[in-house]
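Please take a moment to look over the sequence and the model before reading on.

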Amino acid sequence: NTDARASAEKFQRLAKTTPQGAALTILKALESGRERVLIGADAKAIDLIARTMPENYWKPLSWLMKKMG
């Protein structure tokens, strides 16, 4: 599927965290007993928006998604 391939290629360009880096972050979180792990700046931004605006987070989130391309 062309759309799936394009999405995968776009993700690879935008992803700043390597799989190894993500795995290390997850392992450290498990070792320290953390229940929530966010990998990458995009996950942190989405989490912040959702937590500060639980009723209306789709508005800034859709703006952010458009801006990211």
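**A buried aspartate and its partners**

Aspartate 47 counts as buried, because its relative accessibility is 14% and the cut-off for a buried residue is under 20%. This is a predicted model, and in it buried residues make up 10% of the 69 residues in the chain.

Which side chain meets that of aspartate 47 in a salt bridge with an N to O distance of 2.5 Å? The partner is arginine 36, and the pair links distant parts of the chain, since arginine 36 lies in the loop between α2 (19-32) and α3 (41-52), while aspartate 47 belongs to helix α3, 11 residues apart. Arginine 36 is partly exposed, with a relative accessible area of 44%.

Aspartate 47 also forms a salt bridge with arginine 51, and here the closest N and O atoms are 3.0 Å apart. These two residues are four residues apart in helix α3, so about one helical turn separates them. Arginine 51 counts as exposed, because its relative accessibility is 51% and the cut-off for an exposed residue is over 50%. Through salt bridges that share partners, Arg36, Asp47 and Arg51 are joined into one network, and the structure holds two salt bridges.

Turning to the chain as a whole, you will find four helices and zero strands, which follow one another from the N terminus as α-α-α-α. The chain exposes about 6,000 Å², and carbon and sulfur atoms supply 59% of that area.

Notes: Residues are numbered from 1 along each chain as its sequence is written. This is a predicted model: local features need pLDDT of at least 70, side-chain atom pairs count only at pLDDT 80 or more; totals for chains, interfaces and linings use all residues. Side-chain values use heavy atoms; hydrogens and water are left out. Buried means under 20% relative accessible area, exposed over 50%, partly exposed in between (1.4 Å probe, protein chains only). Accessible areas come from the Shrake-Rupley method with a 1.4 Å probe; for residues, only the protein chains shown count as cover. A salt bridge is a side-chain nitrogen of Lys or Arg within 4 Å of a carboxyl oxygen of Asp or Glu.
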